[in-house]
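Subject: Handover of a structure for your review

Dear colleague,

Please find below the structure that I am passing on to you. I would be grateful if you could read the notes after it with the model open beside them.

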Amino acid sequence: MSIYLLEVGTEELPYKFIPQAIEQLNNNFTNFLNDNKVKFSDIKVYATPRRLAVIIDGLETKTADEEKIVKGPIKNVAFDENGNLTKAGEGFARKNNLTKEDLYIEDNYVHAKIVVKGKSISELLQENVPSIFMKLQGAHFMRWGYNEAKFSRPIKWIVSILDNEEVKIKIIDKESSKYSRGHRFDKQEVLIDNPANYLEIMRGVKVIADQNERKQIIVEKAKEEASKIGAKPYYTDDLLEEVTFITEYPVPAMCEFDPRYLDIPEEVTVTVMAVHQRYFALYKDGKLTNKFITMTNYLGDEFENIKAGNVRVIKARLDDAVFFFNEDTKKPLIDYVESLKGVTFQKGMGTMFDKTQRLITLSNSIAKDLKVESKDIKRTANLCKADLTTNLVFEFTELQGFIGADYARVSGENEKVVQGIKEHYFPLNAEEDTAKGIEGQIVGIADKIDTVCAVFAAGKKPTGSSDPLGVRRAALGVIRTILDSGLKIDIDKYIKESLKYLPLQRDCADEVNEFFVQRMIIFLSDKYNKQVLEACSAKNPLVDIADYVKRVDLVQNLNSPELIENANRVIRILKETSDDKVNESFFKEPVESSLYKEIQGVKETDNYSSYLASLEKLNPTVTKFFEDVLVMDKDENVKKNRIALLTLLKNKYDYLTDFSKI
């Protein structure tokens, strides 16, 4: 078995492109090997800002010979009346290195069995690797120099080695060799003697080629550096990924800024550091400090210029933030609400001021149904979008809600309102926490339902490639908030109510309902069987999601074959259900009367364990009914009455779930 290495060195790649390139290279090489029936054991893709590398292990040295049946001309064209090959027949034989004796007739056409000789893996790689690599796609690809082919950045070197032998290839204008390059401040020509040694060789020239190893080193070094002052580093997955893909050999440097910048909202300072400057903010005893860590790509001992440069940059950013904060807080947050009339929500759906008024109405309606005091909820709804017109949110859009909460606090608003303004955007993504306060929960649900309804009413429902205004995330946010908070909220009711308030009227309540149901099923399918989720959604689950989950949980663990069989037998018989009332005077068999009385004794309840038990008690009588009774009786009145009886029974089954999908 062999091992192959491809390394393509480039100028600094955009960090957002690198994860895409890793996935594409893995898929492209996997497909190539599978399509050519080449056996292999593993593919690893490594990436830094200056290189993309693929290592394929366990490669067979030669593809197997393959037998193929080839089809030639029709018999009358390939052979003349004397049975000799015509020119067409000779051409077919010659093309495939065959003799007349190798040919045979099948379905009136000439056929032959040929053997396609396998290729050496070296030859196969040489022929295909350049085109495989050039299948990479990404934003802002362009031509470099005089080349026609496009790529993200100019290619500087290529390494292509099978075991310890070079596989000569050319990509765009660069030819391969056995020599890679180390860190830009280290050795610039390094021999790769064997692909198996690649990671270790690169580590020796200060390049951590494995991005997962590099990411772990970044975390460890950040924690180690922070511990020197008794602090802990703050980082998100996004920050960690970005720093991973802008460094080849991460080295931490601790910097310090003026403590006065800690007076502005903490979220602003952290956002400047993490999002805008790729720094690790440091917390000590739960409080933000005026120190931060930057991960450098530097080899050496002189960090003073690096530190000074980073401090100079963050000072300028924080000075802007201080100025905006001071300007914004010269008036209370409520004064910004009127300015929302100049901010468009979306085309045809009015302004953010209009949306705010809808939120007030919808939030009050939800609060009333939940029997919750609405004063703080109404105030939260009125102020929740006000920060969109402030200077600071214009500069740091990702902080909407957080800035509003800080400005509300400065303006002397109730702490519940402050929390609600911040939390009404929660959850910020699929993993983040949902709102803790009832103000944030209710206003957030109203906001998200309004957004989803507006998108559907505008005819812009999401597709596989687009998600207008993040409506998938919004729908999931509503579902998670309700489940996490144990709220009894009829989403279906508020969908219909929300659609009535929109300036553009369109009857799409059923579409929106189905969209929410499908998002809920996808969300819950990690825990529950999708078949069960679909079955239990037959009864509108949006009326009470918590109730729906209780039913799903019970049905998921259902172990009652007789009940399932009886329910499905009823469903199979009832092609159409009946609206007729059961008339006892048409009963002919004693079991009909018994079943009717037992069905009446089954009372609908949200205690589903008890309800299931009452359904299971019906089993003997239902079984006997099917043994003793022919539903499609010759007497039309008897037949209709039995269908009405079974419809009554089916309704009892349907209250729990659609058994036909179990």
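This is a predicted model: local features need pLDDT of at least 70, side-chain atom pairs count only at pLDDT 80 or more; totals for chains, interfaces and linings use all residues.

I begin with strand E1, which covers residues 2-10 and contains valine 8. Is valine 8 buried or exposed? With a relative accessibility of 1%, valine 8 counts as buried. Strand E1 pairs with E3 in the antiparallel sense, over 7 bridges. Within this pairing, leucine 52 of E3 is the residue that stands opposite valine 8. As a point of reference across the chain, valine 8 and aspartate 237 are separated by 229 residues in sequence, and their C-alpha atoms lie 27 Å apart in space.

Strand E3 (residues 51-59) is also joined to E2, again by 7 bridges and in antiparallel fashion. The hairpin formed by E2 and E3 has 2 residues between the strands. Two of the facing pairs can be named here: aspartate 42 has aspartate 57 in E3 as its bridge partner, and isoleucine 43 has isoleucine 56 in E3.

How many residues of E3 are buried? The count is 8 of 9, so E3 is largely enclosed by the rest of the structure. Strand E2 (residues 42-48) is mostly covered as well, with 5 of its 7 residues buried.

**The sheet of three strands**

Next comes an open sheet of 3 strands, in which the order is E4-E6-E5 and the pairing is antiparallel. Which strands stand at the edges? They are E4 (66-74) and E5 (103-106); each has a single partner strand, so one side of each is left without a neighbour in the sheet. From one strand to the next, the twist averages 35°.

The antiparallel pairing of E5 with E6 (residues 109-116) runs over 4 bridges. In this pairing, glutamate 106 is placed opposite tyrosine 109 of E6.

**The sheet of four strands**

A further open sheet has 4 strands in the order E15-E17-E18-E16, and its pairing is antiparallel. Its edges are taken by E15 (232-234) and E16 (251-256), each of which pairs on one side only. Here the twist from one strand to the next averages 40°. Strand E15 pairs with E17 (residues 279-284) in the antiparallel sense over 3 bridges, and proline 233 faces leucine 282 in E17.

As background to these sheets, strands pair through backbone hydrogen bonds, in either a parallel or an antiparallel sense.

**Cysteines**

How many disulfides does the structure hold? The number is 0. A disulfide is a covalent bond that links the sulfur atoms of two cysteines.

Cysteine 453 counts as buried, because its relative accessibility is 0%. Cysteine 255 is buried too, with a relative accessible area of 4%.

**The largest pocket**

Finally, I turn to the largest pocket, which holds about 1,700 Å³ of space. It is lined by 45 residues, and those closest to its centre are Glu398, Phe402, Leu428, Asn429 and Glu432.

Helix H8 gives the most to the lining, with 6 residues. By class, the lining comprises 18 nonpolar, 9 polar and 18 charged residues.

Yours sincerely,

A colleague

How values were computed: Residues are numbered from 1 along each chain as its sequence is written. Side-chain values use heavy atoms; hydrogens and water are left out. On a 1 Å grid over the protein atoms alone, a cavity is a set of points where a 1.4 Å probe fits but cannot get out, and a pocket is an open set with protein on both sides within 12 Å along at least five of seven lines; lining residues have an atom within 4 Å of a point. Grid points are joined across faces, edges and corners, and a volume is the space filled by probe spheres set on the points. Ala, Val, Leu, Ile, Met, Phe, Trp, Tyr, Cys and Pro count as nonpolar, Asp, Glu, Lys and Arg as charged, and the others, Gly among them, as polar. A disulfide is a pair of cysteine sulfur atoms within 2.5 Å. Buried means under 20% relative accessible area, exposed over 50%, partly exposed in between (1.4 Å probe, protein chains only). Two strands pair if DSSP finds at least two bridges between them. Axes are lines fitted to C-alpha atoms, for helices over the stretch in contact, and angles run from 0 to 180 degrees between N-to-C directions.
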